[in-house]
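Visitor: I have the structure open now. Could we go through the interfaces together, and then look at a few local features?

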Amino acid sequence: AELKLSHQWSTSDVRHKIAEIVAEEVAAADVDLEIKIYPSKSLFKPREQYRPLSTGRLDMTVFPLSYAGGERPEYNLTLMPGLVKNHDHAARLNESAFMDEIEALMAEDDVMVLVHGYLAGGFGGKDRCITSPDDVQGMQTRAAGKAFEQMLAAAGASIASMASSEIYTAMQTGVLDAANTSSSSFVSYRLYEQISCYTPAGDVALWFMYQPMLMNKSTFEGLTPEQQAALRAGAAKAEAYYLEEAKKADAESARVFEENGAEIVQMSQEDFDAWRAIAKESSYKAFLESVPDGQRLLDLALAVE
Amino acid sequence: MDPLTLGAFVAIATVLILVAGIPVAVGLLITASAFIAIFDGPGALEELPYKFFSQLDNFALLSIPMFVIMGAAIASTRAGADLYEALERWLTRVPGGLVISNLGACALFAAMSGSSPATCAAIGKMGIPEMRRRGFPDGVAAGSIAAGGTLGILIPPSVTMIVYGIATDTSIGRLFLAGVLPGLLLVGLFMVWSLYATWAAGQGGEALTRRIYSRAEKFEVLPRVLPFLAIILAVLFVLYGGVATPSETAAPGALLCVLFAVVIYRMYSFTAIWGVLRDSTRESVMILFIIGAAGVYSYMLSSLFITQEIAAWIGSLEIGRWWLMGVINLFLLVAGFFLPPVAVILMAAPILLPIVTTAGFDPYWFAVVLTINMEIGLISPPVGLNLYVINGIAPDISLRTILVGSVPYVLCMVLAIVILCAFPGLATWLPDLVMGPAIGGI
Amino acid sequence: MSHALPTGTDKPRPETRLQRLVGALSTVSGVCSATMIAAAVLITCQMVVVRYVLNGSTIWQTEAVTYLMIAATLLGLPYVQRRRGHVQVDLIPEMLPRGARRVLAAITLALAVAMIGLMAWHSYDVWKLHFDRGWRSGTAWDVKLWVPYLAMPVGFGLYLLQLIADFAAEIAPPPEAR
Ligand code: NA
Ligand code: NA
């Protein structure tokens with residue numbers, strides 16, 4: 001049999017690597033199963049992938065789950081400011097009752113998780129450093145994700161929406177003063193050439209995004225037990241690798257920025273708490289208004305130590 | 001069936017359906033649906049509307065109608081004629097000033113329009129009759145404007161560069177800058193040929209005679225062309241001065257050009273303004289429909305793994321990088337004969353760009369080479385939009401004469417590609433100067 | 001030669017009453033399309049002013065403009081068809097004798113009717129799905145997606161009508177055209 005796996009990243013990205021690990025393990029298991037990887041949004045556009053995945057048109061994807069927030073508003077909790085503190089906390093969240101609820105929602109759409117994983121991100125300012133909410137006053141900011149737009153707007157930033165590939169030029173010409181995105185995007189778009197001050201994800205970080213490898217559930221269940229076992233084994237190996245690489249990516253991005261002469265600052269616990277207080281009044285509130293069952297889910301997530 | 005054989009079948013089916021005379025976009029949809037239905041099952045056809053919608057679901061595509069409006073607004077006025085007239089009066093010392101002026105006007109107009117047919121029509125409406133009246137051969141009069149019009153997609157802004165930027169995730173701002181010097185190179189080559197052809201046709205005597213203008217005559221036309229320069233400068237400021245992103249720039253540009261037509265050329269009537277909008281809508285919808293359909297077609301190619309296998313196959317060819325570039329050019333040229341530029345770019349760029357960059361070529365340089373190939377397609381049969389435009393504005397010049405007159409300009413473009421291969425800096429120097437070195441190869 | 005009419009040659013043709021009605025619908029659709037493009041220009045300019053001059057947030061504009069452009073494209077299809085503005089390769093048809101050319105034209109129009117019919121039909125399903133499920137765009141503006149998706153069944157539907165009218169004119173031209 002043959003499975004189609006689609007994702008949006010280049011072949012040098014860690015998220016392509018985990019797809020490759022699973023594909024190679026499955027091929028090595030020799031269970032008559034082949035995974036065809038379609039990288040760099042060559043089959044589906046990033047936000048487009050969840051729907052074909054749930055109808056079985058697409059078999060597998062590596063996918064930021066909050067992209068499907070328009071279909072399932074509950075998924076917005078997987079990109080909520082301050083909900084995840086660091087990578088070990090994220091790993092515990094993956095095993096929690098909160099994640100069980102999210103997976104139950106996916107199951108309703110005939111989708112299941114093969115590989116869990118969170119990636120972190122930070123802030124970059126063209127001329128000024130960003131640690132506390134006061135720093136973003138009046139800055140034209142491009143944020144990754146609706147919840148972050150809401151929080152930054154509440155902190156007094158101006159929100160500009162554009163494709164991530166436009167951030168570099170927009171900063172260069174001065175359209176944009178600041179950006180918030182994943183550590184790997186900061187590096188792959190060479191934003192260190194434009195940013196003078198970088199706030200990487202460290203001991204505490206605001207921006208964590210759940211980006212699992214997903215599979216169509218019926219397709220998985222239609223496979224032979226040997227094929228399923230091979231997929232599971234590959235997925236376990238990929239998940240361990242994913243967590244290691246996710247931790248490395250933050251430090252690596254900080255190193256690249258430092259090498260290129262950018263100032264590196266860290267967010268303190270007080271900064272983090274101040275941001276979360278603002279988020280509670282803005283993005284959390286908006287989330288609770290849009291999801292009837294929201295408070296219970298939020299409490300489940302916050303209960304994870 | 002292996003993907004390469006399948007690819008050959010797809011190519012044959014596409015050519016057959018297109019030459020039957022069906023709208024290009026519909027032909028692409030039909031080919032795509034047929035192969036999707038056969039190889040992914042008829043159920044997979046439910047993806048068609050999604051792929052069409054998502055291909056168009058891109059803010060940067062907005063700039064296509066905007067840049068078309070810029071051209072159409074100015075083309076609806078006497079501005080094109082004013083432009084070449086001013087150039088001619090100021091270029092009195094240059095022999096053959098009129099054809100030189102017309103080509104110069106094409107280049108200047110191209111700096112305000114993103115599309116080639118608009119450039120062609122704007123300058124040609126007055127330029128072609130005037131050149132013929134002054135004794136230029138029909139072939140030169142028609143060919144120079146047809147070719148000069150193609151500069152619309154090379155000299156920024158450019159609809160095809162935007163589509164290339166979207167298809168390859170390259171910077172539209174850089175792409176625009178990359179087209180400037182090669183555009184000027186082409187204008188120069190066109191001018192040289194036009195003068196030589198006129199002289200060789202034995203019509204040099206009358207056509208190339210210098211006309212002398214008085215100082216008053218020279219200054220009288222200036223106020224009419226200054227607004228042109230003002231618009232170009234304003235758009236450059238918006239684009240590179242931190243006012244807007246490249247994809248947003250087109251909107252203030254379009255508004256400026258409409259205001260320009262209304263204020264300077266007194267286009268007060270609602271009907272006239274509506275006419276501009278109507279013509280722009282027609283051209284934009286035609287282009288955007290092809291883009292949407294090409295999205296469905298590329299999905300079919302990618303889903304059946306044809307794209308990936310062709311790329312791997314070309315990559316595995318044991319040939320030198322310049323032979324590779326030659327093969328790619330030949331492919332683009334042939335594709336350009338049959339398909340409109342945006343369709344070729346959307347289908348070919350994602351396949352070719354990785355190969356081209358792996359072989360050590362610059363993606364912005366390649367965008368320029370690709371665009372010149374597309375320009376050739378615009379003045380060659382069977383789909384040659386500019387030839388059609390010329391036929392429309394000068395119906396008494398036979399299509400044969402237009403075609404034959406265009407051939408030397410095609411050769412000029414081929415020569416330009418050769419020069420670009422020898423001096424890649426022509427494309428990369430300006431973007432590097434203005435925007436710093438390219439980001440990680442892209 | 002190719003056949004695309006940015007400069008336009010709108011030859012009036014004899015039409016039946018029904019064909020005139022379909023033509024009028026296509027024209028109205030084209031007017032909507034042009035209006036949407038004009039609106040997109042103005043909204044984008046407004047966005048640039050809000051951000052550059054007022055240093056304010058621009059949340060909904062990019063998305064609104066994108067959807068307007070999609071709708072403009074789809075609603076423009078029937079109008080461009082009526083004005084014979086869709087680019088096509090006329091190489092073979094122009095080499096054929098008159099009779100054969102008309103047969104070929106009827107065949108390609110029938111193919112186009114089938115293709116656009118398929119698009120219209122599946123587009124309706126897509127629209128219905130988004131309407132029933134209440135799916136949103138998931139952005140800060142969070143538009144109900146059935147609104148922009150509505151342009152697909154409507155645009156392809158009107159395009160289909162215009163194609164059918166053209167097909168009818170091709171196989172059975174009104175008496176005065178014979
Ligand atoms: Na141009
Ligand atoms: Na051609």
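Visitor: How much area do chain B and chain A bury between them?
Guide: In this predicted model, chain B and chain A bury about 2,200 Å² between them, and 48% of that is on carbon and sulfur atoms.

Visitor: How many residues does the contact take from each chain?
Guide: Chain B gives 31 residues and chain A gives 26 residues.

Visitor: And how many salt bridges are there between chain B and chain A?
Guide: The count is 5 salt bridges. One of them joins the side chains of A:K41 and B:D169, at 3.2 Å from N to O. There are also 14 residue pairs in polar contact between chain B and chain A, both residues being at pLDDT 80 or more.

Visitor: Which helices of chain B supply at least two residues each of the side that touches chain A?
Guide: They are α3 (47–56), α13 (215–240), α14 (246–263) and α15 (270–303) of chain B. The largest share, 5 residues, comes from α3(B). By class, this side of chain B has 12 nonpolar, 13 polar and 6 charged residues.

Visitor: Let us turn to the other partner. What area do chain B and chain C bury between them?
Guide: Chain B and chain C bury about 5,600 Å² between them, with 79% of it on carbon and sulfur atoms. B:F53, B:R282 and B:Y388 supply 15% of the area that chain B buries against chain C, more than any other three residues. The contact takes 61 residues from chain B and 64 residues from chain C.

Visitor: How many salt bridges are there here?
Guide: Between chain B and chain C the count is 1 salt bridge. B:E248 forms a salt bridge with C:R51, the closest N and O atoms being 2.6 Å apart.

Visitor: Is B:S284 buried or exposed?
Guide: B:S284, found in helix α15 of chain B, is buried, because its relative accessible area is 0%, under the 20% cut-off. Leaving aside residues up to four places away in sequence, B:S284 touches B:P65 and B:V68.

Visitor: Last topic: which residues of chain C does UniProt list as "transmembrane region"?
Guide: The unreviewed UniProt entry lists residues 21–44, 64–82, 103–123 and 143–161 of chain C. Residues 21–44 are 100% helix, with end C-alpha atoms 35 Å apart. Residues 64–82 of chain C are likewise 100% helix, and their end C-alpha atoms lie 28 Å apart.

Terms used
Residues are numbered from 1 along each chain as its sequence is written. Chains are lettered from A and ligands numbered from 1 in the order in which they are written. This is a predicted model: local features need pLDDT of at least 70, side-chain atom pairs count only at pLDDT 80 or more; totals for chains, interfaces and linings use all residues. Side-chain values use heavy atoms; hydrogens and water are left out. UniProt positions are given in the numbering used here, feature names are shortened, and annotations may be inferred rather than shown by experiment. Helices (H or I, at least four residues) and strands (E, at least two) are DSSP runs, numbered from the N terminus. Contact means heavy atoms within 4.5 Å. Buried area is the accessible area (1.4 Å probe) that two parts lose on being put together, summed over both. A salt bridge is a side-chain nitrogen of Lys or Arg within 4 Å of a carboxyl oxygen of Asp or Glu. A polar contact is a pair of N or O atoms within 3.5 Å; within protein, one must be able to donate a hydrogen and the other to accept it, and residues adjacent in sequence count only if both atoms are side-chain atoms. Ala, Val, Leu, Ile, Met, Phe, Trp, Tyr, Cys and Pro count as nonpolar, Asp, Glu, Lys and Arg as charged, and the others, Gly among them, as polar. Buried means under 20% relative accessible area, exposed over 50%, partly exposed in between (1.4 Å probe, protein chains only).
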